Amino acid sequence: MLLRIIFFLLPFASQTDSTSSLAPLTYKKVDSATYVQFHSNSYKELIVLGEKALKEDIDFYYLRIRLGISYYNVENYFRAIPHLEAANAINPADEVGQEYLYYAYVFSNRTLEANSFASKMSVEIQKKVKYKQNAIDAISIGVGTSLNNFNPDQSLLDLDKVYASHIYQKRMDFGNILVEQTLLNKLKLQYGFSVFQINNVGIVQTPIPLSTEINTSQTSIGTSNQYQYNIGLSHLLKNNWNISYGFGWYEQNYKTFDGTLYEAKSLGSYSATFSVGKQFRKIYPSMNFSKSNFANAEQYQAEAVVVYYPLGNVNFYTSTSAAYKNDTRENQYIIGQKVGGEVVKNLWLETSAIYGNLLNYVSQNGFITFNSANSMKLILGADLKFIYHNLEFSPSYRFQLIDNSFYAYYVSKSDFALTNLTNYSNHLFLTTVKWNF
């Protein structure tokens, strides 16, 4: 958004000074040279000189505001913010400085800071930047489906295995709704509801039928429904610290096989999460912790995430994560990587990869979990986002590599054991529409 340029006319500013004469630097020479650079749109040169002056303890209001606007005009909003904040602390009445600082927050995707700052502006400036307090910030609705390439006709038996049973997810259809609100200008509230309709297929193979109900053919278990309820709260603190909490409740209806028949069951599970992070100049590191009880087994998870903005804005970013989880059975590790940015105006692309034992993995404060019957080993994703005014349209795709295993009875062991098959893959398609109020 185009903002008007400030003309700082100081009585002692001389347009004949140049940076070549600044040895050693003085307050007057820095002020004069940055004045000339600012009005000649020499923003990169001004940034070099201004940062050097600050290192030599030369600091004053006009230097800070010129530095902030210079960084802003080269689209390095992350570096613009501390200088504009410093200028605002010195002269909070300067409305143009307020305007630049507000948009720097917005273009850095720091909406909580933007809302908190705008709430203290005058009514005239609020109208100018089109700030208003809404009862609801945004509503998102998503629908999707998941298909796979599993071959149900493959043989699971051999001379040593005389019984085998396997359950796999044939298809999943789902939908969700997410509502976002800002409370007291420093609290971001999210609450969502998701429903999943899952078609599971059970496979039982034996040399002879076990009963009139269970034979050597593929057996459909039927459709099960799962419901998910989530709430998340983020709190903006001083010095760019942010903490967030999340709670999720998950209701699962499913069927199991006990050797003679299939039994319908229901299970309720929860996840509780806590995250803390701090925004630095170009990076946002955070630590995320969660506890859950999926499949009636307590699980603890810790994850470190570092988001890096090399250009000083959100036009290009990377996110690297490493997680550790323990579910009373074994220690498990997960690594992830995202790369995203603006491809062309109003079109964004994000690619992602996650690798590890993803069974019961908790992500995004519990809004995304992997509490499925089959464990995933690898997820590759691509997300597009089209923006048109207040509307966002986001088609997404996920390739999910499934850890394919089944239970078999071994004659040589006289016992059941878990056996691995060739992995198969899920293909998940999701479309999300978001309206920003």
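Visitor: What makes helix 6 mostly covered?

Guide: In this predicted model, 7 of the 8 residues of helix 6 are buried, and buried means under 20% relative accessible area. Those residues are Leu 112, Glu 113, Ala 114, Asn 115, Ser 116, Phe 117 and Ala 118, so each of them falls under that 20% cut-off.

Visitor: Why are helix 1 and helix 3 called roughly parallel to each other?

Guide: The axes of helix 1 (residues 27-39) and helix 3 (residues 61-73) come within 10 Å and cross at roughly 30°. Angles under 35 degrees count as roughly parallel, and the two helices are therefore described in that way. Helix 1 passes helix 3 in a left-handed crossing, with Val 30, Asp 31, Thr 34, Tyr 35 and Phe 38 of helix 1 meeting Tyr 62, Leu 63, Arg 66, Ile 69 and Ser 70 of helix 3. By class, this contact has 6 nonpolar, 2 polar and 2 charged residues.

Visitor: Which residues touch the most other members of the largest nonpolar core?

Guide: Of its 37 residues, these are Val 30, Leu 63, Leu 67, Tyr 72, Leu 84, Tyr 102 and Met 121. Two or more residues of the core come from each of helix 1, helix 2 (43-55), helix 3, helix 4 (77-90), helix 5 (95-107) and helix 6 (111-118).

Visitor: What does Met 121 touch, not counting residues up to four places away in sequence?

Guide: With those neighbours left out, Met 121 touches Gln 98, Tyr 102, Gln 126 and Val 129. A second, separate core has 21 residues, among them Ile 203, Ala 323, Leu 358 and Phe 406.

Technical notes:
Residues are numbered from 1 along each chain as its sequence is written. This is a predicted model: local features need pLDDT of at least 70, side-chain atom pairs count only at pLDDT 80 or more; totals for chains, interfaces and linings use all residues. Side-chain values use heavy atoms; hydrogens and water are left out. Axes are lines fitted to C-alpha atoms, for helices over the stretch in contact, and angles run from 0 to 180 degrees between N-to-C directions. Helices (H or I, at least four residues) and strands (E, at least two) are DSSP runs, numbered from the N terminus. Angles under 35 degrees count as roughly parallel, over 145 as roughly antiparallel, 65 to 115 as roughly perpendicular and the rest as oblique. A crossing is left-handed if the near helix is turned anticlockwise from the far one by less than a right angle, and right-handed if clockwise. Contact means heavy atoms within 4.5 Å. Ala, Val, Leu, Ile, Met, Phe, Trp, Tyr, Cys and Pro count as nonpolar, Asp, Glu, Lys and Arg as charged, and the others, Gly among them, as polar. A nonpolar core is a set of buried Ala, Val, Leu, Ile, Met, Phe, Trp, Tyr and Cys residues joined through side-chain atoms within 4.5 Å. Buried means under 20% relative accessible area, exposed over 50%, partly exposed in between (1.4 Å probe, protein chains only).
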